Amino acid sequence: MIWKIILFLLMSYVIIAGISFPIVEKPEAWYHFPLIPGLGENAKIIFFHVPTAWITVLAFLMSTIFSIKYLRKKDLDDDGKSQTALELGMVFCILATVTGAVWAKFTWGEYWSWDPRQTSIFALLLIYGALFALRSAVENEEKRATLSAVYSIIAFVTVPFFVFIMPRIMKGLHPGSADDTNVGPVVNFKMNSNMYLVFVLSVVAFTILYFWMWRVGSRSLNIKEKLLKNYR
Amino acid sequence: MKAYHLFRKDLFSEIRNRYAINSLAMFIIVTISVILFSVGEETISDYLSGGLYWVVVFFTGMSGLARVFVSEEERGTTLTLQLIARPETVLSGKLIFNLVLTLAMNIVITFLYSALFPAFVIKSLMLFFITFILGTLGIAISSTIIAAIISKAGSKGTLYPVLSFPILLPLILILINLTKISMDGTSFGEAIMDVLFLASYDVVMLSVSYLLFDFIWKD
């Protein structure tokens, strides 16, 4: 219960502050955001884009961890937890892709330009899609759990290539690319303390939201399976 | 039973019915001719022809490389193999077979492609040769382990490219980049970082395949 109240307060603050606090050239009052050259008002979407992208990766990581756990213990509970993380990850992956594309349209001029980061989030979408395709193709529960666990581990080891290597060998527009000289990771030195606080609170709020959804999802999956077993 | 014996068995049975070889050969012709027809009278740029080369390799690979494990499931010989050979031996044998098949396929594609596309000119042959070898290895390794998953998922043919593409995507992106660089005539020393990424992909995929094959193979 306490977590839900914290989540409510954090989320309300992030939404109100993130949308309504003004961006000024010389921040003076505590609620002012600094003007980042080249971004302007577009900078505010960072409070919603970065947390969704973070949750996408976190969900994928959790699904892989539960897959490894399933392969070691062969407990179908772990498979259910992994599947719930996958479903949530897919939702957040779509959200991150859409918010990123909208931001790209207003900052870079195109919705999609195959920037390395866009390529990697696209690959993540493909991996999620492939996992769902694989899961729907196998009838047997244990076999489905094993195969999807193996596939998600194989897919997981390709992620470092996208996240760390691709942006460094390909030219890109996203902060943190190889030819990036002055835009820099926006997070590190272009934000003032107020903007940074809202950003961190937003990441925390989205993480709590994700864990809450994940617990509800895996519990409901558990109950569904038990009911099905009794029904048969 | 040694991996070599398994490879010999697969090779002989392949020579007897030539299913994979035929489908691969036909797919090479089909893919290249589709590209040729769609290009028509247009002239394609150098870089585009370098990228299309890997498109041909990818789609040809998707048509025939799943056979190694699917054929065992179809003949119902999986149980026998499980009895007489250790899982690592099975994977090694199948991997060698797929490697030979991919290598033969890529050599044929390279010769045919450079004969049919005048824009496909490699200036730095040494770099392209190493890219070619490491790329062949990577495609063979990834497609073998995905083929094992597919064969256990009821041999769904359409699922194979769906599952393989995300896994092969980083490999293909690095390969296309390296092919472009070698068309510019960049020396091997300058592209060493990319070659190392390619090699690390192969090593990572190989070790993950050997770690996880046990779980797929034993039902």
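B:Leu212 is buried, with 22 other C-beta atoms within 10 Å. The cut-off for burial is 20 or more such atoms, so B:Leu212 passes it. This residue is found in helix 9 of chain B, which covers residues 192-217. The model is a predicted one. Its coordinates put B:Leu212 in touch with A:Val150, A:Ile153 and A:Ile154, not counting residues up to four places away in sequence. Within chain B, B:Leu212 and B:Ile145 are 67 residues apart in sequence. In space, C-alpha to C-alpha, B:Leu212 and B:Ile145 are 8.8 Å apart.

B:Leu6 lies in helix 1 of chain B, residues 3-17. B:Leu6 counts as buried, with 22 C-beta neighbours inside 10 Å. Leaving aside neighbours within four places in sequence, B:Leu6 is in contact with B:Met1, B:Ala85, B:Thr89, B:Val90 and B:Gly93.

| Pair | Apart in sequence | C-alpha to C-alpha |
|---|---|---|
| B:Leu6 and B:Thr89 | 83 residues | 8.2 Å |
| B:Leu212 and B:Ile145 | 67 residues | 8.8 Å |

**Where the chains meet**

How many residues of chain A are in contact with chain B? The number is 24, and they contact 25 residues of chain B. Two elements of chain A each give two or more residues to this side: helix 4 (116-137) and helix 5 (141-169). Helix 5 of chain A supplies the largest share, 15 residues. By type, the side of chain A that touches chain B holds 21 nonpolar residues, 2 polar and 1 charged.

The largest nonpolar core has 102 residues. Those with the most contacts inside it come from both chains: A:Ala59, A:Leu134, A:Tyr151, B:Ile149, B:Ile150 and B:Leu163. Take B:Leu163. Beyond its neighbours within four places in sequence, B:Leu163 is in contact with A:Ala130, A:Leu134 and A:Tyr151 in chain A, and with B:Ile146, B:Ile149 and B:Ile150 in chain B.

**Chain B as a whole**

Chain B has 9 helices and 0 strands. From the N terminus on, its elements run α-α-α-α-α-α-α-α-α. Its radius of gyration is 18 Å, close to the 17 Å that the globule rule gives for 219 residues, so chain B is as compact as a globular protein of that length. Along its principal axes, the C-alpha trace spans about 55 × 35 × 30 Å. Buried residues make up 42% of the 219 residues in chain B. Of the contacts in chain B with a separation of 6 or more, 87% join residues 24 or more positions apart.

**Chain A: an open helix and confidence**

Helix 1 of chain A, residues 2-20, has 19 residues. From first C-alpha to last, this helix reaches 27 Å, close to the 27 Å expected at 1.5 Å a residue. Is helix 1 of chain A largely buried or largely in the open? Of its 19 residues, the number buried is 1, so helix 1 of chain A lies largely in the open.

The mean pLDDT of chain A is 84. In this chain, 89% of residues reach 70 or more. Over residues 180-187 of chain A, pLDDT stays under 50. The model has 11 contacts beyond four places in sequence for that stretch. Where pLDDT is low, the predicted coordinates should not be read in detail.

Key: Residues are numbered from 1 along each chain as its sequence is written. Chains are lettered from A and ligands numbered from 1 in the order in which they are written. This is a predicted model: local features need pLDDT of at least 70, side-chain atom pairs count only at pLDDT 80 or more; totals for chains, interfaces and linings use all residues. Two residues are in contact if their C-beta atoms, placed from the backbone, lie within 7 Å. Helices (H or I, at least four residues) and strands (E, at least two) are DSSP runs, numbered from the N terminus. Ala, Val, Leu, Ile, Met, Phe, Trp, Tyr, Cys and Pro count as nonpolar, Asp, Glu, Lys and Arg as charged, and the others, Gly among them, as polar. The radius of gyration is taken over C-alpha atoms; the globule rule is 2.2 Å times the number of residues to the power 0.38. A residue is buried if 20 or more other C-beta atoms lie within 10 Å of its own, exposed if 12 or fewer, and partly exposed in between; C-beta atoms are placed from the backbone. The expected span of a helix is 1.5 Å times one less than its number of residues. A nonpolar core is a set of buried Ala, Val, Leu, Ile, Met, Phe, Trp, Tyr and Cys residues joined through C-beta atoms within 7 Å. pLDDT is the predictor's confidence in each residue, from 0 to 100.
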